[in-house]
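Subject: A model for you to look at

Hello,

Here is the structure I promised to pass on. Please open it alongside this message and have a look around before reading on.

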Amino acid sequence: MFIYDSVQKKRLLFEPIKEGHISIYVCGPTVYDDAHLGHARSAIAFDLLRRVFSALGYHVTFVKNFTDIDDKIIAKMKQSGESLEAITTFYIQRYKEEMHALHVNDADIEPKATECVGEIVSFIEALMALNVGYVGDDGIYFDTSKDAHYLSLCGRVNEEDASMARIEQKESKRDQKDFALWKFSKELDEPSYPAPFGRGRPGWHIECSAMIEKYIATHEGAYQIDIHAGGADLLFPHHENEAAQTRCKGHRQELSKYWMHNGFVTINGEKMSKSLGNSFFLKDALKHYDGEVLRFYLLSTHYRANFNFSEEDLLMSKKRLDKLYRLKKRVFETTPTPADKNFQALMLEALSDDLNISKALAVLDDMISSANEHFDTEPKDKIHKALIFGNLLWIEAVLGIGLHTPLSYFQMGVCEEEKKRIETLIEKRTEAKKAKDFATADALRHELESMQIQLMDTANGTQWEKTI
Ligand SMILES: [Zn+2]
């Protein structure tokens, strides 16, 4: 496996810390609002990474956290009058349901910040004992001047760099690059935790370092985990700060051996933002499109490239997915045999090249075309059908697509009421045909066609599909 390391800025041969095992940590969402397409893209990208490593035979431990205490959550509490727990439970549940719709598997470990406060406090105490943390007016800060390698991750040295503008400016910091490890409670009714250095709550960056140490870090060797991943916007300051905390804690270990970052999502060429009013919430996208169609679309661009979302491209992408389901329809009635080894090898070769999805989907397209050609000449070749069905099941596991039955896929987006109406019209048409009233039968077919319903008369009766 080759992966592009976004810190070294080059493609590297992946070598795990421990033979046969891989630890991956992905920064998860802050649960105060609905997930948007950017969250979906990141989740799908690293879900694919995890699936590919599993297909290559590695034992993968995959961790994704939930930031369930934060200034934005507290602001939401004040605005809504609801408890921290009510808000975070709601958005965690919603996030998970939406991820399931996208066929993103749950992480092996899904820690919440509020469940790791003890470890976070100990981590901060250790940094303070080493004189890396200091007490400010409103919290405990990390002293970036104590870390000789600070900014080595993002490779930025110029303090006038635009990204530096994202750092919160405060008088209580010795240096503006310093960041909060712990925030003292300002008001009595804010959620807070006791700590030897004063009641308060954790800063954002510290939780990931503490969780990694608690759940997956190796405590020997140069690195704690194999891969740390997240959106490109997290590299600085979030990942830089995580790395600095772990480096300075005194274990002589770096946080992660490899770093992977996915590109941004833009909507019709513009960056998604709340102020522009073009934040595309996943819940809205899922009202219009099936989760798998959305997954396939988001998956089809390389994870590091920026992704421009457009409805037109999504519909084009669905047409490509339709081909997979047309083939599935041809082989669906057989009992699958294990996938073709050559096909597996070609797919994995493509995906092992830093998740080269274009190449992998080209291999998939070739497999679909040649299978169709074969069945056009030999429509009853059961052995080949079983093999092709095996290939499609293997694709389900590795790419997370093709999980619907062909019938449910091609009837997607039709509500129960409309289904009943379609079936009534089909029954009428069947009766008209029986009575040799072909004019009525044709009229009914046209009526269904105007509803974008295509009919197929088979030995088992008339079947229908939605054409868009
Ligand atoms: Zn993080």
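Below are my notes, going from the whole chain to a few local spots.

First, some housekeeping. This is a predicted model, so please note that local features need pLDDT of at least 70, side-chain atom pairs count only at pLDDT 80 or more, and totals for chains, interfaces and linings use all residues. Residues are numbered from 1 along each chain as its sequence is written.

The overall picture: the protein has 15 helices and 15 strands, taken as DSSP runs numbered from the N terminus (H or I, at least four residues, for helices; E, at least two, for strands). Its C-alpha trace spans about 90 × 50 × 35 Å along the principal axes. Of the 468 residues, 37% are buried, meaning that 20 or more other C-beta atoms lie within 10 Å of a residue's own, with C-beta atoms placed from the backbone (12 or fewer is exposed, in between is partly exposed). If you take the contacts between residues at least 6 apart in sequence, 74% join residues at least 24 apart; a contact here is two C-beta atoms, placed from the backbone, within 7 Å.

Now a helix pair. Helix H10 (residues 341–351) packs with helix H11 (residues 357–377) at an angle of about 160°, and their axes are 8 Å apart. The axes are lines fitted to C-alpha atoms over the stretch in contact, with angles from 0 to 180 degrees between N-to-C directions. H10 is therefore roughly antiparallel to H11, the term for angles over 145 degrees. On the H10 side, the contact is made by Phe 343, Leu 346, Met 347, Ala 350 and Leu 351, and on the H11 side by Lys 359, Ala 360, Val 363 and Met 367.

Next, a hairpin. Strands E14 (residues 453–458) and E15 (residues 461–466) run antiparallel and are joined by six bridges; strands pair when DSSP finds at least two bridges between them. Two residues lie between E14 and E15 in this hairpin, and Gln 454 stands opposite Glu 465.

Ser 23 counts as buried because it has 26 C-beta neighbours inside 10 Å. Beyond its neighbours within four places in sequence, Ser 23 contacts Thr 61, Ile 216, Ile 225 and Asp 226. The C-alpha atoms of Ser 23 and Lys 271 are 32 Å apart, with 248 residues of separation along the chain.

Best wishes

Conventions. Parallel < 35°, antiparallel > 145°, perpendicular 65-115°, else oblique.
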